[in-house]
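Me: I am new to this structure and would like to learn how to read it. Could you walk me through its features, step by step?

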Amino acid sequence: MAAGESVTLEAYLDRWAGGDADRGAVAAAVRAISAAGVGIADLVARGPLEESLAKIRGVDPNAGGDAQKELDVVAEERIIAALMPTPVAFLASEESEELIPVNPAGRLVVAVDPLDGSSNIDTNVSVGTIYSILPYDAAAHASPKDAVMRPGRHQVAAGFLAYGPATILVATFGAGTHVFVQDRASGAFLLARENVEIPAETKEYGVNQSNVRHWDAPMKGYIEDCLAGKEGPRGKDFNMRWVGSMVADAFRIFTRGGVYLYPGDKRKGYAEGRLRLIYEANPVAFLTEQAKGGATDGRTRILDIAPHHIHQRIPLVFGSKAEVETIASYY
Ligand code: AHG
Ligand code: MN
Ligand code: MN
């Protein structure tokens, strides 16, 4: 690419797909999700003018047991509508207990967190959309669920949009992780960084430290050692950042390194942490590994974990590779 020349997501996907039908299907899905994201970003940007979007909906929690906000559901509806004309057979979503049939002739299954960071919706803090794309072959998979419930290493593409000061798309198609930014003048996503690399070492961690009393010994030990700074066993002073929207914390890590931790803890319902394996941990782990970082549940590489439930949770540590390995060594 010549210096200064801007590459649109459209052009990038066309070039990547070439004439390949499998890649063409993935490109169509990513185009649809990013288009839906632009609409969601517009809603998010209305902030308190659309206060009703931040309201908790009814009394029933979503499939994962979390309170569902209006915007969680609107975001899901927009994604389903956008995927309808694409070769996506089924959609798994945080907001729906069961798989959603999309296009019976489809050759892909997609898993999404339609709105990540719901607790930040009404606070003018970045929220986002996370997606994971897997192949689907009606003849080879016993059921659509079987196609979704595969270890994350089978993903063919993954990414997330973050709706913040800039609307960004961080995407991988299996060879590197790339950052696109929506250009407000033209509306198009432009390639901003190709093949991002997360620095292997870091002095910055992100964790909800208010849960320290609920953590297990390895996790407590790791944070204690970070807090001990230069005088402690780690021999360096650490900094902490925690947005509370994983997409925003992840983008910071893709930009300057760091680690994100959401371990399992002793609170009811948190034995496996908070993040969902199929549509949160897997796509972020795929993006992270493609950016030379690491992702683990403390003991096992995230991408090697065989799911047992669409909405299962998983302890998640991802980011700078050497630091992720250090954390795993505490387990
Ligand atoms: P979601 O809004 O999709 O339920 O995900 C929220 C996740 C993640 O984005 C964030 O890092 C984490 O939950 C925050 O959890 P705490 O509120 O427990 O800190
Ligand atoms: Mn989420
Ligand atoms: Mn969500």
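**Reading the sheets and the ligand site**

Reply: Let's begin with one pair: strand 12 and strand 13 (residues 316-319) run antiparallel and are joined by three bridges. This is a predicted model, in which local features need pLDDT of at least 70 and side-chain atom pairs count only at pLDDT 80 or more, while totals for chains, interfaces and linings use all residues. Residues are numbered from 1 along each chain as its sequence is written, chains are lettered from A and ligands numbered from 1 in the order in which they are written, and side-chain values use heavy atoms, with hydrogens and water left out.

Me: Which residue stands opposite G294 in strand 13?

Reply: In general, strands of a sheet pair through backbone hydrogen bonds, either parallel or antiparallel. Here strands are DSSP runs of E with at least two residues, helices are runs of H or I with at least four, and both are numbered from the N terminus; two strands pair if DSSP finds at least two bridges between them. In this case, G319 is the residue opposite G294.

Me: What is the strand order in the sheet of five strands?

Reply: That open sheet reads 10-9-11-13-12, with mixed pairing. Strand 10 (239-240) and strand 12 (294-296) are its edge strands, each pairing on one side only.

Me: And what order does the sheet of eight strands have?

Reply: Its order is 2-1-3-4-5-6-7-8, again an open sheet with mixed pairing. Strand 2 (100-101) and strand 8 (189-193) each have a single partner strand at the edges, so one side of each lacks a neighbour in the sheet. Further in, strand 1 (residues 88-93) pairs with strand 3 (residues 108-116) in the parallel sense over five bridges, and S93 has V112 as its bridge partner in strand 3.

Me: Which strands does helix 6 touch in that sheet?

Reply: Contact means heavy atoms within 4.5 Å. Angles run from 0 to 180 degrees between N-to-C directions, using axes fitted to C-alpha atoms, for helices over the stretch in contact. Helix 6 (residues 246-256) touches strand 3, strand 4, strand 5, strand 6, strand 7 and strand 8, and its direction makes about 105° with that of strand 5.

Me: How many residues surround ligand 1?

Reply: A residue counts as near if one of its heavy atoms lies within 4 Å. Ligand 1 has 17 such residues, and the closest are D116, N208, Y260, Y262 and R274. Strand 3 gives the largest share of this shell, three residues.

Me: Where are the polar contacts of ligand 1?

Reply: For a ligand, look for a pair of N or O atoms within 3.5 Å. A polar side-chain atom of E94 is 3.1 Å from an oxygen atom of ligand 1. Polar backbone atoms also take part: one of G117 is 2.9 Å from a ligand 1 oxygen atom, and one of M246 is 2.8 Å from an oxygen atom of ligand 1.

Technical notes: A polar contact is a pair of N or O atoms within 3.5 Å; within protein, one must be able to donate a hydrogen and the other to accept it, and residues adjacent in sequence count only if both atoms are side-chain atoms.
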